[in-house]
Amino acid sequence: MQYNADNTPLQHVDEWDEFVATRYRQGKSEEEFRDYKADANPTVTEFYRQNHAHQTLDFVLSKKAEYCSLSRDKKSIWEMAEYLNTLVDDSDPDTDLTQIEHLLQTAEAIRKDGHPRWFILAGFVHDLGKVLCLYGEPQWAVVGDTFPAGCGYSDQIVFPEFFAANPDSKIPEYQTEYGIYEPNCGLDKAHLSFGHDEYIYQATRRYLPEEAQYMLRYHSFYAAHRHGAYRHLMNEQDERMFEWVRKFNPYDLYSKGRERPKTQEILPFYQDLVSDFFPDRIAW
Ligand SMILES: [Fe+2]
Ligand SMILES: [Fe+2]
């Protein structure tokens, strides 16, 4: 697979998360929301151009084959979190959160609201799939709003015009409403654009309850969980479980930028939590 010469338009993959948080800023009017492109700086725009152009059905299938067999590595959750923390850039150490701090902050916000332990744990692991960056994957294959490949693109996806450059848009079979899928086949049968959601879902699914699996797998599927798109592919189970995806989303969006978590103080709680659900090492 040939990638573009410049696969790193974002200074850091978290720049995408920050753009999404801006898009859904609390109290934003409908009109302001529709003007999301005003908040997208040139690097974010270029990132979406690449993401929408390169995430073909073939690409998704090849990345699932490569990573979802989990035959790459065996590491504990903590080892993976430490590894993810090495994803550094020229961010300001005084103000910017580390990757582990973002995870802890998300989890702590969930804990403060009195949610069950598995929900807190989902917050703690939800972005570990970003280690795909450290495996050498381009930013457009790690982050970004996800969408199903192999069927028509919803206009609820940001920057829909960039799909014109996706080779799949020239394949008529992939461009009908259902494309290669059956009506209400269930999202498990759909191949969403590849990224950190699918990878963390696959790595942790056997240890977490189904609600948490949905939170992890679909947390970047904004067209569906925020805008109601792709219901024609969803089955009743998806409809029920998306309640939880929607419950999770604000903790991911609005946890950034609040005060730094007191890591040393809260660590014992998270050590217990992780070992309650996970064995010492899991397959990645
Ligand atoms: Fe994420
Ligand atoms: Fe996140």
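Visitor: Which residues are the protein donors of the iron ion (ligand 2)?

Guide: Donors here are N, O and S atoms within 2.8 Å of the metal (3.2 Å for Na, K and Ca), and water is not among the atoms, so sites may look incomplete. In this predicted model, the iron ion (ligand 2) has H102 (NE2), H126 (NE2), D127 (OD) and D252 (OD) as protein donors, at 2.1 to 2.4 Å. Along the sequence they follow the spacing H-x23-H-D-x124-D. A word on conventions: residues are numbered from 1 along each chain as its sequence is written, and chains are lettered from A and ligands numbered from 1 in the order in which they are written. Local features need pLDDT of at least 70, side-chain atom pairs count only at pLDDT 80 or more, totals for chains, interfaces and linings use all residues, and side-chain values use heavy atoms, leaving out hydrogens and water.

Visitor: What arrangement do the 4 donor atoms around the iron ion (ligand 2) make?

Guide: Ideal angles at a metal are 109.5 degrees for four tetrahedral donors. In practice, four donors count as tetrahedral if all angles lie between 85 and 135 degrees; four count as square planar and six as octahedral if opposite donors are over 155 degrees apart and all others between 65 and 115; anything else is irregular. Here the angles run from 85 to 174°, so the arrangement is irregular.

Visitor: Which residue bridges the iron ion (ligand 2) and the iron ion (ligand 1)?

Guide: That's D127, and the two ions lie 3.7 Å apart. The iron ion (ligand 1) is coordinated by D127 (OD), H196 (NE2) and H219 (NE2), at 2.1 to 2.2 Å. H196 sits in helix α8 (residues 196–204) and H219 in the loop between α9 (210–218) and α10 (222–225), 23 residues apart. Helices (H or I, at least four residues) and strands (E, at least two) are DSSP runs, numbered from the N terminus.

Visitor: Are H102 and D127 buried or exposed?

Guide: Buried means under 20% relative accessible area, exposed over 50%, partly exposed in between (1.4 Å probe, protein chains only). H102 is buried at 3%, and D127 is buried at 0%. H196 and H219 are both buried too.

Visitor: Which residues touch the most other members of the largest nonpolar core?

Guide: In soluble globular proteins, nonpolar side chains tend to be buried together. A nonpolar core is a set of buried Ala, Val, Leu, Ile, Met, Phe, Trp, Tyr and Cys residues joined through side-chain atoms within 4.5 Å. Of the 67 residues in the largest one, Y48, I77, F124, L128, Y199 and W284 touch the most other members. Helix α7 (residues 117–125) gives the most to this core, with 7 residues.
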